[in-house]
Amino acid sequence: MASLNVGNLGEYLREQRRNAQLSLRQLADAAGVSNPYLSQIERGLRKPSAEVLQQVAKALRISAETLYVRAGILDEREREELETRAVILADPSMNERQKSVLLQIYDSFRRENGFEPGPESGVAAGSETGGESGPDAGADTASKLSKASKPSAPSTPSTPPKPSKAPKPSTPEEPSH
């Protein structure tokens, strides 16, 4: 059987398995795949599906996206984008609306810089915000986020008050000798 272009993946998996101090059989059991199949993947003879890679990544406690990149399923930039999105979505300090708005800002900045939102974005151009795009879309969305997340401040007069002048003393003080 001819070796596929997945040797890099197989070597990486073997290294990760050894670092985790797991035998091939232990990893196969933990990932729910057969021992011979996992052995063929490690030797570069089989190209696993994304589902199998996800199971193996979970068993190894590593990023599935990293394995997708190694297997040629995912582009490096797409991996970085997915990881950024995952961090935003996992942040417990933000509510769902804030996460959604932040992802919209992220997408608008990526579009502004010449990148299209990835297939996993979940926030396509023109959704939920009325189709903002163009060079100022990120600033508009950032402004909306700022206004939405801060309580409104009391309004201030449009002209600043004039400084009052203190009255001058009527007699100059004489220096003491």
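**Chat about buried residues**

User: Glu 81: buried or exposed?

Analyst: Glu 81 is buried, since its relative accessibility is 4%. Buried means under 20% relative accessible area, exposed is over 50%, and partly exposed is in between (1.4 Å probe, protein chains only). This is a predicted model: local features need pLDDT of at least 70, side-chain atom pairs count only at pLDDT 80 or more, and totals for chains, interfaces and linings use all residues. Residues are numbered from 1 along each chain as its sequence is written, and side-chain values use heavy atoms, with hydrogens and water left out.

User: Which side chain does the Glu 81 side chain make a polar contact with?

Analyst: That's Arg 110, at 3.2 Å. A polar contact is a pair of N or O atoms within 3.5 Å; within protein, one must be able to donate a hydrogen and the other to accept it, and residues adjacent in sequence count only if both atoms are side-chain atoms.

User: OK, new topic. How many residues are in the largest nonpolar core?

Analyst: It has 21, and Leu 9, Leu 13, Val 33, Leu 38, Leu 53, Val 56 and Leu 67 have the most contacts inside it. Such a core is a set of buried Ala, Val, Leu, Ile, Met, Phe, Trp, Tyr and Cys residues joined through side-chain atoms within 4.5 Å.

User: Which element gives the largest share?

Analyst: H4, with five residues. Helices (H or I, at least four residues) and strands (E, at least two) are DSSP runs, numbered from the N terminus.

User: And what is Leu 38 in contact with, beyond its neighbours within four places in sequence?

Analyst: Leu 24, Leu 27, Ala 28, Val 33 and Val 56. Contact means heavy atoms within 4.5 Å.
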